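Visitor: I am new here. Could you walk me through this structure and tell me how each description is reached?

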Amino acid sequence: MFDDSLASLASSAREVGAEGFSEVAMSSAELRDASDAGLVVAISRYQADALAEAYRRHAGAVFGLARRLLSDQTMAEEVVQEVFLRLWNSPEKFDPARGSLRSYLLAHAHGRAVDLLRSETSRRRREEQELRRAAEGGYDLEHEVWDLAVADQVKAAVAELPPQEREAIALAYLGGHTYREVAALLDQPEGTVKSRIRAGLKRMRAHLTEAGVGGRW
Amino acid sequence: MTEPRPHAELEELLGAYALDAVEGEEREELELHLRDCPRCRAEVADHREVAGRLAYGGSAAPEGVWDRIAESLEATPPELDLTVRVPGGTQVVPLGDGTPRRRRSWSTKLLAGLGAAALVAVVVLGVGLVRQNDEIGDLEGQLREVSLERVARGAFEDPDARRIVLTSPDGRLTAPMAMTPDGSGYLMASELPELSGNETYQLWQVTGGQEVSLGTFRAATVVAFGASSDAEQFVVTREAGNGVPTPLGPAVVAGDA
């Protein structure tokens with residue numbers, strides 16, 4: 001069950017003698033090829049270039065998502081900074097068994113961006129934006145997802161969603177709304193919105209699993 | 001306070017929760033539930049993985065952000081003595097009083113202790129006080145899959161964790177301990193002397209004069225255990241055989257919680 005690179009790093013660290021903590025660092029070639037778990041172990045050993053590698057792999061996606069939610073470059077950059085510093089300071093919070101490093105970082109970024117979004121001044125500005133968007137023809141997850149340069153299989157999975165599930169997920173995830181706000185925006189019962197979000201996510205997961213999309217970024 | 005929601009109702013929230021679309025009391029209730037329910041946690045993790053796919057982006061992070069991150073890494077806090085000596089032999093580590101975090105100096109000492117051992121022996125005590133089977137399984141799973149030392153280090157670095165140093169009556173032996181808010185505890189036991197054949201160390205928590213065994217161990221660098229937050233004192237005794245229902249042997253190290 002152990003990731004190979006994790007096990008070999010751990011054992012090489014243990015071979016160090018009485019002089020103290022292991023200084024066995026990964027070379028840049030090793031870092032480039034390292035798995036998520038291996039990279040995070042290196043980060044936990046205060047290897048700054050391991051964090052740089054994680055940044056190289058995932059900062060674009062993190063920034064893209066934050067930017068989409070916040071529509072403000074400076075705030076989006078702050079989110080990127082916070083997410084990676086948090087990885088540096090608390091690498092033990094990442095559990096490779098639970099999911100990829102990418103989705104872990106994106107989940108943090110999303111949560112952080114949503115917090116910023118829901119602060120008082122943002123909310124008023126957003127309400128105006130929403131009214132304008134609704135007037136212009138509403139959300140379309142297909143196009144949103146296209147804009148974010150998503151992989152083909154994901155686009156296909158999105159295209160296959162029933163429109164109401166797609167809409168609810170788009171408003172919640174990309175719009176940063178609570179499910180109650182989504183219900184208000186769509187004029188639907190809250191219970192319905194909740195189940196549509198859940199059902200849509202399950203449907204997408206099934207589609208992606210079928211399509212064999214389970215690999216690493 | 002109204003009755004807790006039925007599980008089916010909480011499940012309905014899992015999709016929205018994974019998208020950060022649940023707020024307020026509902027969210028708090030759901031988060032409490034997630035601590036005890038591995039199946040719901042797994043579902044949330046699945047939803048987050050799917051949501052992450054929606055966000056796959058080709059955009060590069062703007063310049064300047066990495067530089068700012070790199071600068072923050074360079075800033076190491078000054079070395080400071082964290083321990084406050086209190087009469088009676090108990091050492092208390094001050095936490096969260098607004099001063100900058102000095103985690104690295106603490107963990108460097110710990111890491112030196114860990115690295116010096118030829119093999120890091122981590123013992124997970126199976127007898128937890130208030131842990132359900134799922135939680136123990138999950139703790140062991142975490143320890144297998146993430147690196148054992150790092151979980152312990154994480155607890156010592158967690159600003160919300162309680163840190164105590166257990167000491168021997170003559171002050172010569174010390175055993176630092178960290179307890180995170182969820183009751184997971186890690187005791188660094190490498191200073192405890194080697195035991196002869198038919199003996200064991202036993203960890204106890206004392207609450208209201210009552211001693212409760214948290215488990216036994218022999219040789220260990222890190223002892224992982226589960227305790228409850230109302231513990232007043234922790235004691236390690238040396239017992240014959242495989243442990244006893246109530247402490248009989250001498251206290252090796254002890255400390256107030």
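**Helices, cores and rings**

Guide: In this predicted model, helix 10 (residues 163–174) and helix 12 (residues 190–210) of chain A pack at an angle of about 100°, their axes 8 Å apart. Residues are numbered from 1 along each chain as written, and chains are lettered from A in the order written. Local features need pLDDT of at least 70, side-chain atom pairs count only at pLDDT 80 or more, totals for chains, interfaces and linings use all residues, and side-chain values use heavy atoms, without hydrogens and water.

Visitor: Why is helix 10 of chain A called roughly perpendicular to helix 12 of chain A?

Guide: Roughly perpendicular covers 65 to 115 degrees. The angle is about 100°, so helix 10 of chain A counts as roughly perpendicular to helix 12 of chain A.

Visitor: Which residues of helix 10 of chain A make the contact?

Guide: They are A:Q164, A:E165, A:A168, A:I169 and A:A172; contact means heavy atoms within 4.5 Å.

Visitor: What makes a nonpolar core?

Guide: Buried Ala, Val, Leu, Ile, Met, Phe, Trp, Tyr and Cys residues joined through side-chain atoms within 4.5 Å, buried being under 20% relative accessible area (1.4 Å probe, protein chains only). The largest such core has 78 residues, and A:F84, A:L101 and A:I197 have the most contacts inside it. Helix 4 (residues 48–70) of chain A gives it the most, 12 residues.

Visitor: Which aromatic cluster includes A:F84?

Guide: A:F84 forms one with A:Y55 and B:W66. Rings of Phe, Tyr and Trp (its six-membered ring) pair if their centres lie within 6.5 Å, and the whole structure has 6 aromatic pairs over all chains.

Definitions and conventions: Phe/Tyr/Trp six-rings, centres within 6.5 Å; stacked < 30°, edge-to-face > 60°. Axes fitted to C-alpha atoms, helices over the stretch in contact; angles between N-to-C directions. Helix = DSSP H or I, 4+ residues; strand = E, 2+ residues; numbered from the N terminus. Parallel < 35°, antiparallel > 145°, perpendicular 65-115°, else oblique. Buried < 20%, exposed > 50% of the residue type's maximum accessible area, 1.4 Å probe, protein only.
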